[in-house]
Amino acid sequence: MDNKNAAVKMRNISKSFGTVKANDKIWLDIYRGEILALLGENGSGKTTLMNMLSGIYFPDEGEIFIDDKEVVIRSPKDALNLGIGMIHQHFKLVDVLTATENIILGLEGKGKLDLKSAAKKIREICDAYGFDVDPDQHIYEMSVSQKQTVEIVKVLYRGADILILDEPTAVLTPQETDKLFAVLRNMRDAGKAIVIITHKMHEVEDLSDRVAVLRHGQFIGDMPTKDTNAQEMTNMMVGHAVELNIDRPDPVDPKPRVEVKNLTVRSIDGIVKLDDVSFTANSGEILGIAGISGCGQKELLEAIAGLQPTESGSISYIKDDGSREELLGKDPLSIADLGVVLSFVPEDRLGMGLVANMDLGDNMMLRSFRKGKSVFTDRKSPRKLAENVVDELDVVTPGISTPVRRLSGGNVQKVLVGREIASAPTVLLTAYAVRGLDINSSYTIYDLINRQKQKGVAVIYVGEDLDVLLELCDRILVLCGGKVSGIVPGRGAKKREVGMMMTKLGGEKADE
Amino acid sequence: MFDIVSFFPRAVMQGVPLLFGGTGEIITEKSGNLNLGIPGIMYVGGICGVIGAFLYEQSAAELNSFLAVAIPTLSCLLGSLLMGLLYCFLTVTLRANQNVTGLAMTTFGIGIGNFFGGSLIKLTDAEVPSIALSATSKVFSKSLPFADNLGWFGKMFLSYGFLAYSAVIIALITAYVIKKTRVGLNLRAVGESPATADAAGINVNKYKYIATCVGSMIAGLGGLYYVMDYACGVWSNDAFGDRGWLAIALVIFSIWRPNLAIIASILFGGLYIVYLYIPAGTQLYMMELYKMLPYLVTIIVLVVVSMRKKRENEPPAALGLAYFREER
């Protein structure tokens, strides 16, 4: 790094939300021609800090300098005028508009829209950096990675030369991630300043030139990426030494528990979501399910849990004594009546898993409110359970009477997983159990899942981070467009190979 | 034989208040504000026009045509603007629930209208519970002088007062602005996803305020048209009926497109009065059933649109939701 002046200097930046100090006197420098990785656990204030740079939030105190000139950023417009563009974790795009309309949104210019010349300029930007965007396509017709591309083009179209990306790879396949990284490197070489917020250590090591670490809203330190390693960075983020390897105890006495045969599911619109899927999940084993998002993972789990109408096939639950129960065509209540204890940790935690406005105790009650004889519900035992979950899983909450929507993502997930495993399940279904969670919370969840596995539970783990799937699961089933692309043993599987299977049926070798 | 030449103008005259209300509500809803106060606002627009006209008729010995139009129109616009501002202050600035606010505004608006309407009726010492402003009404409903010479064509297309044509022109302009201009694009973005619009540097609150207030003023003209032209300047309490709700149904019927609303409003107007043209004889209940038609077709359109699931035909995604930038 030559001695250039910082493009952005943030000095003494503080921001509070109510009583929570999200950012506390942060110093940060961002340079042109450099990719800076901003690291920190959930709630450490990374996104808040960047939101202040992009004008979404206004700092309570502190100064921001752009090219050594002090600036005041009151709104996203101010930020754009200063050349700062942010690509948010949740895309800021209007679904019913086309790519072009989204890109020129909010820009000043002639009253009448000139979509043609805008589309031309967009194509020029795409050619310059190697993007692939159809300016006339509607956003709702696009894949996640296309949407992200539109976001990046949008920022470039506005002439931004300081780009902030908030967890850009959370929703991408490995191949799409590689493509994104290539583009980011192109932009860095073209002299732009790039900040990337991510949880994934291997991406930090792979892509960034410098890392800066935040913890609990405070700036901990920064250093060139090549002088550090994943272990050191994680320790800085968490504040104490953390074991970075995911445990993978050997399967405990694996016996077939759930047998899925020739399962076919169609969505309401008649689109085939699962096509002739067959596999067996064993007790005491973690079966990972990999695939690009929307390849039938959700439908598969919901079919097993009795939430998804199916077209054909069978799902049998095999009891310890070898007798079989058919789960297909039953709703969750009748499945429970069979004496099958199924736990489901859905993808949509606050939509399907928990009721956001209810407190911890009442959320525990969602599983037990039918118990008891009188018309009055038993409120005591769920509260007790909530207290146990809070204690055992270290849920950070002011108390069990706090609505779950006030908890951070990691704590919400702990509450949900805690409730689900409290019913002593024999089958545990989890969908994206660590999505949006930081390293520390993620490891707590892995740990919980492993403990269930050792108790002889058949765990089905739908995940998106291939590195984790490869480290955690005993076997990995790869879905591709609703079909089984293959099942590989978790030990010794190659990331590349699984990635290939996700995008092409069977990958290089097709086996069961 | 069904008399289309006499039916069509009546359908149009029924449709014009709905078109004003519908266009106003479309602009409002495009900004993400679901203003259920529209019936109240149209009512207030009507009574404000009546108050303006009443005071002018009382004070001037001889009516000047320009003032006879300008004074009621301005007071109507002012009254509905105030209602729009009140709605915005509650829902945008204070982020109150839009449905509750809207319904309260409707009750409030009708209450205001009936209060002032009743007071004016008292003032005039009339025998009947209504105020007649026939002089003002004559100016409002003046049609082109040569319309009568053009036979059925004149009767069907040229026999209306200037407000009816304004309604169509306003709807066409609105359609153009929403579809083709930068302001329209920004407005659509505000209604679809305020956070996106905000991040793109659009002042969300400003757009919501302006769209809702402009929409309210346009809707208020619907009330004015109803009293001054359709009802020949006769105001009686509660005569406006359920036209305000029909205007909101019209928005759904025309899938948020003002240009479609022009045709749809005439259709609605027609359906609203078709019972008068269908011989029902003594079977009065048949009439009541026919009066349901506009609502019935709205439900059918809702069903069809939901079944087709085309994104462009759906309501603005953030309709009814308050926006706060720093929400976590």
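Predicted model: local features only at pLDDT ≥ 70, side-chain atom pairs only at ≥ 80, totals over all residues.
Residues are numbered from 1 along each chain as its sequence is written, chains are lettered from A and ligands numbered from 1 in the order in which they are written, and side-chain values use heavy atoms, with hydrogens and water left out.

Chain A comprises 17 helices and 20 strands, where helices (H or I, at least four residues) and strands (E, at least two) are DSSP runs numbered from the N terminus. Its radius of gyration of 24 Å agrees with the value near 24 Å for a compact globule of 512 residues, the radius being taken over C-alpha atoms and the globule rule being 2.2 Å times the number of residues to the power 0.38. The C-alpha atoms of chain A fill a box of roughly 75 × 50 × 45 Å along the principal axes. Of the 512 residues of this chain, 55% are buried, a term denoting under 20% relative accessible area, with exposed meaning over 50% and partly exposed in between (1.4 Å probe, protein chains only). Among contacts in chain A with a separation of 6 or more, 66% involve residues 24 or more positions apart, a contact being defined by heavy atoms within 4.5 Å.

The largest nonpolar core contains 131 residues, of which A:I152, A:L163, A:L184, A:M187 and B:V50 touch the most other members; such a core is a set of buried Ala, Val, Leu, Ile, Met, Phe, Trp, Tyr and Cys residues joined through side-chain atoms within 4.5 Å. Neighbours within four places in sequence aside, A:I152 is in contact with A:I87, A:F131, A:L163, A:L165, A:L180 and A:M187. Another core, of 44 residues, lies apart from it and includes A:I246, A:L428, A:I449 and A:V488.

A:Y432, located in the loop between β17 (427-431) and α15 (439-454) of chain A, is buried at 7% relative accessibility. Beyond four places in sequence, the contacts of A:Y432 include A:S293, A:E347, A:R349 and A:E464.

In chain B, helix α8 (residues 182-192) has 10 of its 11 residues buried, and is therefore largely enclosed by the rest of the structure. The buried residues of α8(B) pack against α3 (99-104) of chain A, together with α1 (4-30), α7, α9 (194-199) and α10 (204-230) of chain B.

Over all chains, 13 aromatic pairs are found, where rings of Phe, Tyr and Trp (its six-membered ring) pair if their centres lie within 6.5 Å, planes under 30 degrees apart counting as stacked, over 60 as edge-to-face and the rest as tilted. The rings of B:F140 and B:F162 are stacked, because their centres are 5.7 Å apart and their planes at 25 degrees. As B:F140 lies in helix α5 (residues 134-140) and B:F162 in helix α7 (residues 162-180) of chain B, the pair ties together parts 22 residues apart in sequence. B:F140 is buried, with a relative accessible area of 1%, whereas B:F162 is partly exposed at 34%. B:Y43, B:Y226, B:Y230, B:W235 and B:F240 form one aromatic cluster.

The charged end of A:K121 sits over the ring of A:Y157, 4.2 Å from its centre, and that of B:R95 over the ring of B:F324, 4.1 Å from its centre; the criterion is NZ of Lys or CZ of Arg within 6 Å of the ring centre and within 35 degrees of the ring normal.
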